[in-house]
Amino acid sequence: MDRNIIRKRIRAIRRELDKKKIRCLLVTEPANVTYLTGFLGEDSWAAVAGGRVWLLTDSRYTEQAQKECPSCKIIERAGLMAEAVAKLVEKLKSIRTVAVEDNSSLADFEQLKKTVKARFRTVAGIVETLRSVKDESEIATIRSAAAVSIKALAQTLPQIKPGVTESELAGMLDFQIRKLGARNSFETIVAFGPNGSRPHHQPGKRKLRKKDAVLIDFGAKYNGYCSDITRCFVIGGMTTFYKKAYDVVEQAQAAAIKTIKPGVKITQVDAAAREVIDKTDLPVYSHGTGH
């Protein structure tokens, strides 16, 4: 990742830490670690202190970290993560209290208190607050993730034929995402016929039949950023009821999109979509507004 982008983020984090009188922040949430370091690997933490950032990783990821994190000091641990933190805090000398993200596990937090000679406090939302406002590079990457998804689906559509199973179609779509240089944002959902009423259906052996509805919920993860798209199709013509439901959902989506602008709360966007559906004799969905 571009050094200037990382440096800008670190300066912003530093300002937040100064406001909260935090001298050392331990970042454990993977997405937050990526945001502050550019590292796309796993099982790694970041520490922010005195305007510097350390990435705590192990030998599996050292080479990757050196390439992806030119603005960070890489610490290769051989033992427990808490032991690596202890060595860093000892090296920094002046650190008496360490702030830890509150999404770290209880086991990790207890191990830190047992191993590191410092006091600990939990904090929430420091990195997430900055992440909530996307910079131009993030927006561009999200668009790239969405473009990968759209292209992968287009390349998979010819395989939607009677006889193909849900699991087979999901695998074909996943393969196209991989070919385009991305990974899945989450496990791809492919549901045929009545299985489409299950929002998180797990693709199985059911074969596609003529006049089935097809639901595909999928996404691509590109350079750490995800897309999440749902598309519905019908095979051999749609029923009157399906056409009605499709039209209402399309109208609800349009109403929600029209509501979106700076300063509008997400709850207002959600309400705009629900209001359209509520005026029909169709049931309103129970989960939050998404795609």
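## A helix and a pocket

Helix H9 (residues 240-259) has 20 residues, which at 1.5 Å a residue should span 28 Å, and its end C-alpha atoms agree with this at 29 Å apart. The expected span is 1.5 Å times one less than the number of residues, and helices (H or I, at least four residues) and strands (E, at least two) are DSSP runs numbered from the N terminus. This is a predicted model, where local features need pLDDT of at least 70 and side-chain atom pairs pLDDT 80 or more, while totals for chains, interfaces and linings use all residues. Residues are numbered from 1 along each chain, and side-chain values use heavy atoms, without hydrogens and water.

Now for the second largest pocket, with a volume of about 370 Å³. Its lining has 17 residues, and Ala31, Thr34, Lys221, Gly224 and Tyr225 lie nearest its centre. Domain 1 (3-132) and domain 2 (136-229) both contribute to this lining, so the pocket lies between them. H2 gives the largest share, four residues.

These elements each supply at least two lining residues:

| Element | Residues |
|---|---|
| Helix H2 | 30-37 |
| Helix H7 | 136-156 |
| Strand E11 | 225-226 |

The lining divides into eight nonpolar, three polar and six charged residues.

Conventions
On a 1 Å grid over the protein atoms alone, a cavity is a set of points where a 1.4 Å probe fits but cannot get out, and a pocket is an open set with protein on both sides within 12 Å along at least five of seven lines; lining residues have an atom within 4 Å of a point. Grid points are joined across faces, edges and corners, and a volume is the space filled by probe spheres set on the points. Ala, Val, Leu, Ile, Met, Phe, Trp, Tyr, Cys and Pro count as nonpolar, Asp, Glu, Lys and Arg as charged, and the others, Gly among them, as polar. Domain bounds come from an automatic or database domain assignment.
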